[in-house]
Amino acid sequence: MTIRKTALTIALAALFAAGGTAVAQSYDGGAGQAPAPGQATPQGAALTDETVDTFVDAFVAVQEIREDFTERLHAASDEAEAQAMQQEAQEKMMQAVEESGMSVQEYNEVAMALQNDPALMEQVQEKAADRM
């Protein structure tokens with residue numbers, strides 16, 4: 001379990017460091033808007049259990065897509081093909097987040113909140129490990 005938890009921590013960190021930023025940059029629908037009531041904010045507002053559960057569902061879906069495309073990227077024949085695959089993966093990740101019932105903006109905000117809240121990060125890790 002410890003190895004799986006460590007891998008999950010690394011996966012969360014990698015998603016936030018790389019994928020989260022890319023998803024945020026790809027999504028322009030919510031730029032400059034304040035979060036709707038009940039949505040998380042990066043300043044650390046309390047997240048509801050429902051929001052955390054939705055985030056975990058979205059994270060697990062994103063992680064499955066990431067794993068699938070990582071394997072496919074290793075087989076890419078050139079950089080153009082790899083870039084096309086990365087774009088496709090990004091679009092599928094955004095779609096998976098939205099299908100989970102969370103906006104991409106809210107997903108990124110929760111991800112930022114997790115970076116500043118070790119207890120919440122632990123909670124998300126445990127829930128995600130149970131669902132993976």
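Begin by selecting Phe 55, Val 97, Tyr 107 and Leu 114, which are the residues with the most contacts inside the largest nonpolar core, a set of 27 residues in this predicted model. To see where that core comes from, colour helix 2 (49–74), helix 3 (79–99), helix 4 (104–115) and helix 5 (118–131), each of which supplies at least two of its residues. In soluble globular proteins, nonpolar side chains tend to be buried together.

Next, keep helix 2 and helix 4 on display and hide the rest; their axes come within 10 Å and cross at roughly 100 degrees. Because an angle of 65 to 115 degrees counts as roughly perpendicular, helix 2 is described as roughly perpendicular to helix 4. On the helix 2 side of this contact, select Thr 51, Phe 55, Ala 58, Phe 59 and Val 62, and on the helix 4 side select Glu 106, Tyr 107, Val 110, Ala 111 and Leu 114. Sorted by class, the residues of this contact are eight nonpolar, one polar and one charged.

Finally, bring back the whole protein chain, which has five helices and zero strands and reads as α-α-α-α-α along the sequence. Of its 132 residues, 37% are buried, and the chain exposes about 7500 Å², with carbon and sulfur atoms supplying 51% of that area. If you draw the contacts between residues at least 6 apart in sequence, 81% of them join residues at least 24 apart.

Technical notes:
Residues are numbered from 1 along each chain as its sequence is written. This is a predicted model: local features need pLDDT of at least 70, side-chain atom pairs count only at pLDDT 80 or more; totals for chains, interfaces and linings use all residues. Side-chain values use heavy atoms; hydrogens and water are left out. Helices (H or I, at least four residues) and strands (E, at least two) are DSSP runs, numbered from the N terminus. Buried means under 20% relative accessible area, exposed over 50%, partly exposed in between (1.4 Å probe, protein chains only). Contact means heavy atoms within 4.5 Å. Accessible areas come from the Shrake-Rupley method with a 1.4 Å probe; for residues, only the protein chains shown count as cover. A nonpolar core is a set of buried Ala, Val, Leu, Ile, Met, Phe, Trp, Tyr and Cys residues joined through side-chain atoms within 4.5 Å. Axes are lines fitted to C-alpha atoms, for helices over the stretch in contact, and angles run from 0 to 180 degrees between N-to-C directions. Angles under 35 degrees count as roughly parallel, over 145 as roughly antiparallel, 65 to 115 as roughly perpendicular and the rest as oblique. Ala, Val, Leu, Ile, Met, Phe, Trp, Tyr, Cys and Pro count as nonpolar, Asp, Glu, Lys and Arg as charged, and the others, Gly among them, as polar.
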